[in-house]
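Dear colleague,

Please find below the structure that I am handing over to you. My notes on what was found in it follow directly after.

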Amino acid sequence: MALLQRFTQKGWRRAGSINIALALACAIALSICLAVSVSKSGSSLSSTTIIFEGDCNRASNINTILHLLLNLISTGILASSSYFMQIANSPSRQEIDRAHLFFYSLDIGIPSVKNIQFVSNFKKISWSILLLSSLPIHLFFNSMVFQTSFHGSQWHSTIATVAFTQGAEFFPPGASLAPAGAPHPAYEYDSSENIYDPPDGTHGHLPWMFGNSLGEAVPLEQYKLGTSPIMQNITKAARSGSKWAFLDADTCRSEYGQFKPRDTYGDVIIVVESHARSAEGWAREEVFNLSSNLSSLWDSYVPTNIVNTLWYSAHCINTRASLQDISYTSTCDKLLGSRPDSDTGALLRRQSQDWVLAFPRPSELGLPPKQTIAYGYNEGLGDLVVKYCLAEPYERICKVGVSNLLLTVAIICTTLKIFQCCFLLLKLPESSIVTQGDAIESFIITPDPQTVGLGTLDVLDIHRFEAGPRQPWASGQWSIELGSTLTPTIKPRAWVARPRRLLAIIPRNAWGRLYSLLLVSMALLTAFFALSYESTGSGLQGSFGHSDDWLMPSIMLTDSPYLSILLIANIPQLLLSLCYFSYDSIFMRLLAEKEWNSYSVQFHSLRVSHPQGQQRSSYMLQFSYKYSIPLLAISILCHWILSNSLFTLIIEGGFWLGYGDTDAEALHVREGSILSLGYSPQAILALLAIGCILLPLPLFFGFRRPHGKMVAGGCNSLVLSAACHCYESFPENVDQENSDQHAKRIENPRTPNGEDSALLEDEIGGYGQRLQDMAESKLKWGAMPLPDLVAEKLGDDHGLRVMHLGFGNESMGITTPVERNLYI
């Protein structure tokens, strides 16, 4: 009920209620998503849930849309939190007065860390809770949704004639008599190493030159088992190969003869010319003249005089072990000629423009003469000219998943923010000075004795004096004379027009903070783009956003690679948020100064938290929707582009090795998947371009000059206080004794720990009510006359009349200050 009552109020509390409702809607939406996600089979709070599995292009589109929604939600949550952080940062009048005792100024109407040391412990704790609960959202929110990619590493290669695909007979392991992984039938299978070793007495080339690069080794006995993997693959190719995609020899060689992942095509039949008596294939007696012992052994596998349409078949695996040294591994590199080098006995030999697969001759293998004679290999049939290939179309399956753990963390942080915001809404005192108008109203109704007579006080004076030592003014008030001398009595000061631009009014440390963050961010972004340009060769290849086109090199991972990669991917999001809040703060200062200066041009009503009379109300503190909405949109856009510039990526398929291993069961991905960082040069360039556009905008905006002649410092509490001492004409029934006493008090005011300020006393004919009415009416800042006796007391030796600078209503004859005239 109390919260509903607060909601119906005007000013910042109603705006705060709207922000709480927005954060609550986000929390409810996230909670519903979590409930649905956890309810799926195999999911839990500590695991992930796969919400889409299918075509990779569609998965990428879904991932992009979800990340845009995530950035909308996170921006809404953080904007609501930022609103209440500014509320918690806003001082009360009592807190301002305590700061003014030591001539410290506070910031009014803008986010400010400066105020934290002066506000109450309740506000400090609230501000800290809202700040700390934002960090997990910055660091993990964008990684709540992730995409998996797929790079296949395995396929089956079959070398055969065209008759093989047309239903003709074939006899495994093929006319080459070489089992998968063996360069020659004389090689012997080593079950302990799963490799074919050369026979005893072999000399010359080392075993690994051929024995470990012709496919995965398969024992000869497996070819008699119809259910063995090798036989199933060969049978599948014979039955279905004719329906596979046609690739000419050059395309096939480019696809399979290089170290590429299997993204488009899987198993392949390499159709070759036989160069034997029959174009359909090879008879064993044409290829080998086996000894009687060997002939009886091979008769059960490959008949002597029947044409065999199959030459060789093997299972192949490609892997990439490291991005830094570009280390590739393939179990079929010599089978398909990935490393052509005829001097070292490689299998690829070129004849004219043909792609020729040349199986090793006994002389290249260094077989002993006895073995060579026993097999009687016909070397003239070993060079196989590739005609074309039939490749099985390969559909990549990608996934989009949700991390339930990160979703839970986001819900907890959002809920904590909502409770803290509600607590602030209910418990924060009414007297908090939230907007510039709140401060002007408070200082008009209850003038600050510390700034009596300082109508010419400017923010540059504040910057100069704040650099000096602090002590309370126990002996009286101070003033600024024609120079910069501090005196305990009120003395007039000559008005000197200071033509300057808005940017000169903003504190240098605010500009320094903003452009330090922006320039560091732009430097990092430029360096990142330069590195990506160098690594990609052209800089703009690949797709925009989440893809596996470009991956970061191996990085040092902790025992928790998932957490470390998440942090690396999302720390830039935190830096971007710091840039946004500094950027936002500068515009709030510039707009606040513009509004402050407008009071010297024409009459305006005050914009306050709780409007009365002619006063106005605003929902967005010092920020109008004209500026706040575009800046929020820019924030959402930049965070979304950044989430597409550097991102976590889970890659299935086994092609990539040497990265952080994933918990496949918890993440619901295939075994052998890896977790890595991906980046998009296009997204980096887009973010860099936006940064170049945004970088000079505050300077361009601040380069404008204020239209009116007025003291600067619309966000500074001391400047606001000094400008709000209002002098009205005394009522006609006030006697001379009271006027004399009032003039004496203006000339030499009392200390703040004595009675009330002498300038505005409620004892004179209901003066306080007139100040209240003035604060609720339209106001203008400028010069106005003092009561005659007061002006005479403060006049100089040359008889110049002293006037007052401050706020007044339409009945007080407000004029523009005149150069070199004296004012208080």
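L24, I28, I32 and V36 together make up a nonpolar surface patch with about 360 Å² of accessible area. Patches consist of residues with over 30% relative accessible area and no salt bridge, where like charges are joined within 9 Å and nonpolar side chains (Val, Leu, Ile, Met, Phe, Trp, Tyr) within 5 Å; a salt bridge is a side-chain nitrogen of Lys or Arg within 4 Å of a carboxyl oxygen of Asp or Glu. Accessible areas come from the Shrake-Rupley method with a 1.4 Å probe, and for residues only the protein chains shown count as cover. I28 belongs to helix α2 (residues 12-39); helices (H or I, at least four residues) and strands (E, at least two) are DSSP runs, numbered from the N terminus. I28 counts as partly exposed because its relative accessibility is 46%, where buried means under 20%, exposed over 50%, and partly exposed in between (1.4 Å probe, protein chains only).

The model is predicted: local features need pLDDT of at least 70, side-chain atom pairs count only at pLDDT 80 or more, and totals for chains, interfaces and linings use all residues. Residues are numbered from 1 along each chain as its sequence is written, and side-chain values use heavy atoms, leaving out hydrogens and water. The mean pLDDT (the predictor's confidence in each residue, from 0 to 100) is 78, with 79% of residues reaching 70 or more.

The whole structure contains 3 disulfides, a disulfide being a pair of cysteine sulfur atoms within 2.5 Å. In sequence order of the bonded cysteines, the pairing is 1-6, 2-5, 3-4.

- C56 and C398 are joined with an S to S distance of 1.9 Å. The torsion about their S-S bond is about 80°, so this disulfide is right-handed. C56 is in helix α3 (residues 56-89) and C398 in strand β13 (residues 397-403), so the link ties together parts 342 residues apart in sequence.
- C252 and C389 are joined at 2.0 Å, and their link is left-handed, with -85° about the S-S bond. Both cysteines, C252 and C389, are buried.
- C316 and C332 have their sulfur atoms 1.9 Å apart. Their link is left-handed, at -85°.

C421 is buried, at 5% relative accessibility.

Kind regards
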